[in-house]
Amino acid sequence: QVRLVESGGGLVQPGGSLRLSCEVSESISTIYRMAWARQGPGKQRDLIAAITSDGLTNYTDSAKGRFTISRDNAKNVLYLQMNNLKPTDTAVYYCNALPGPRARYDYWGQGTQVTVSS
């Protein structure tokens, strides 16, 4: 079982930046895909950024150009650098791990709250 612990959320003004971290209990380099998702008030949880074990990244349109997903294999930590934050980015942000392309289960962290407000 992969355990994920997010941190780094908080209150930030519009236009500000935050870096989220996700500590992973296993060797992150062996996990097929790591991702960040978010769930805004009254909305469903959606993946917004992903990185594969090969280092390939993918972003939704809402994240592209402002958010950067990365990982530190030595520390087993996944990051999400978020710049130029907007009030519409307010959400609980979750870390997700998909161990393999045909894995029966994926894993989620407990989430970290990001609030963008002046």
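How do the residues of the lining of the largest pocket divide into nonpolar, polar and charged? The views below take up this question after a note on the model.

This is a predicted model, in which local features need pLDDT of at least 70 and side-chain atom pairs count only at pLDDT 80 or more, while totals for chains, interfaces and linings use all residues. Residues are numbered from 1 along each chain as its sequence is written, and side-chain values use heavy atoms, with hydrogens and water left out.

**View 1. The disulfide of C22 and C95.** A search of the whole structure finds 1 disulfide (a pair of cysteine sulfur atoms within 2.5 Å), and it joins C22 to C95, with the sulfur atoms 2.1 Å apart. The pair links distant parts of the chain, since C22 lies in strand β3 (residues 18–24) and C95 in strand β9 (residues 91–98), 73 residues apart; strands are DSSP runs of E, at least two residues long, numbered from the N terminus.

View 2. A pocket is an open set of points on a 1 Å grid over the protein atoms alone, where a 1.4 Å probe fits, with protein on both sides within 12 Å along at least five of seven lines, and lining residues have an atom within 4 Å of a point. The largest pocket holds about 170 Å³ of space, the volume being that filled by probe spheres set on the points, which are joined across faces, edges and corners. Of its 14 lining residues, R38, G40, K43, D46 and T88 are the closest to the centre. The lining comprises 4 nonpolar, 7 polar and 3 charged residues, where Ala, Val, Leu, Ile, Met, Phe, Trp, Tyr, Cys and Pro count as nonpolar, Asp, Glu, Lys and Arg as charged, and the others, Gly among them, as polar.

Notes: Helices (H or I, at least four residues) and strands (E, at least two) are DSSP runs, numbered from the N terminus.
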